[in-house]
Amino acid sequence: MLTDIFAHRYKDHAIWTEFSELERRLLIQIYNLIKQVIPYYHDGKEIKQNVEKYKKLHDLLSNEIGQKSLATRYYSYTAKNFNGIEYQYTGCYTYEQTFEHFLTIDFNRSWDVDAYMKARISLVELVMREREIELAKIKNNLAFEISVSKNFQSIFANNKQMNDVFHSQVEELNERFQRAKAPLSYHNGLIQITSDHLIEREISKPFWSLVSEPKWKNVDIDMKEALDQRDSNGKDPAFYAAKALESTIKIISNQKGWTYGKERGAANYIDNLMKHENAFLADWEGEMLKAYFTKIRNEVGHGPGSKPMPTLTSYQTDFAIEAAMSWIKTMILRLDSSGQDNS
């Protein structure tokens, strides 16, 4: 089974050139965070279901990076017993210990530091994703849990607490990245490159939080693809950002009851949001959005024929992605505040 990991997505994008105290400290902090996100022990005893999660994640990552194990799983040594007789001691490290060895082993300067760090960043990505999927499943079962419980308030409170704890763990991971001067951030199951922490704080962070709801799934997918294409020098990252923006506009038009089935493109859906008594967009906003699709999406999204292939500079690509994120963020926020969010 193929597993999407950070190391594969960014294998051609160099991030680390040396292993310093910052990297050593970051990996220890990641190890400690993993133990909080998915605890291995409770009251000194292994948590069976979490041991199974550690094994699953260990096997997935080992397979993807082409190793039988992330670290040595078995030990064997000779020592004298209480009678002074030499005895062969053998055993197996726990998966929690294997994670520790993998993340905190002394770095050998002959190793490729970039590949070394990416493999280990992939582990925390898988752990965070596993917990996020688990929380989503719990949320999906809330309605049933409430229907069979006499104390629904405690169910809500417990669910909120679990999500609040995870959100704080995401915040910690992203802060650890920043302090280690690693240009990375985790959002909705993926660790991706971020080049500007101000943009990350003011636009990206609230954006990813808003599109984590199921109905914005396609928006989330296309924007992640836009970033992956940008960071790997792939083709048409701005096209995927525009797809995410168009999906947002269509969802809002549908939810408002303003979609009539005769729309032929983004411009028609934008008109739906402009041409009502309680217009969702002002005229000037609609015109700006139309210009975005005309000048960015249409230019890179259609074959140029005999004309030169249209391309965007890296600065223009960043602007196209950040502008799409900003538009999506503000439209979802105003949809929520209008009381029309019935998801």
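Student: Why is Phe239 called partly exposed?

Tutor: In this predicted model, Phe239 has a relative accessibility of 24%. Partly exposed covers what lies between the buried limit of under 20% and the exposed limit of over 50%, so Phe239 at 24% counts as partly exposed.

Student: And what makes Tyr240 partly exposed?

Tutor: Tyr240 comes out at 23% relative accessibility. That value also falls between 20% and 50%, so Tyr240 is partly exposed.

Student: Let's turn to the rings. How many aromatic pairs are there?

Tutor: The count comes to 15 aromatic pairs. In one of them, Trp111 and Tyr116 have ring centres 5.5 Å apart and planes at 25°.

Student: Why is the pair of Trp111 and Tyr116 called stacked?

Tutor: The centres, at 5.5 Å, lie within 6.5 Å, and the 25° between the planes is under 30 degrees, so the pair is stacked.

Student: How do you know whether Tyr116 is buried or exposed?

Tutor: Its relative accessibility is 7%. Since that is under 20%, Tyr116 counts as buried.

Student: What makes the pair of Phe239 and Tyr240 edge-to-face?

Tutor: Their centres are 5.6 Å apart, with 80° between the planes.

Definitions and conventions. Residues numbered from 1 in each chain as written. Predicted model: local features only at pLDDT ≥ 70, side-chain atom pairs only at ≥ 80, totals over all residues. Heavy atoms only, no water. Phe/Tyr/Trp six-rings, centres within 6.5 Å; stacked < 30°, edge-to-face > 60°. Buried < 20%, exposed > 50% of the residue type's maximum accessible area, 1.4 Å probe, protein only.
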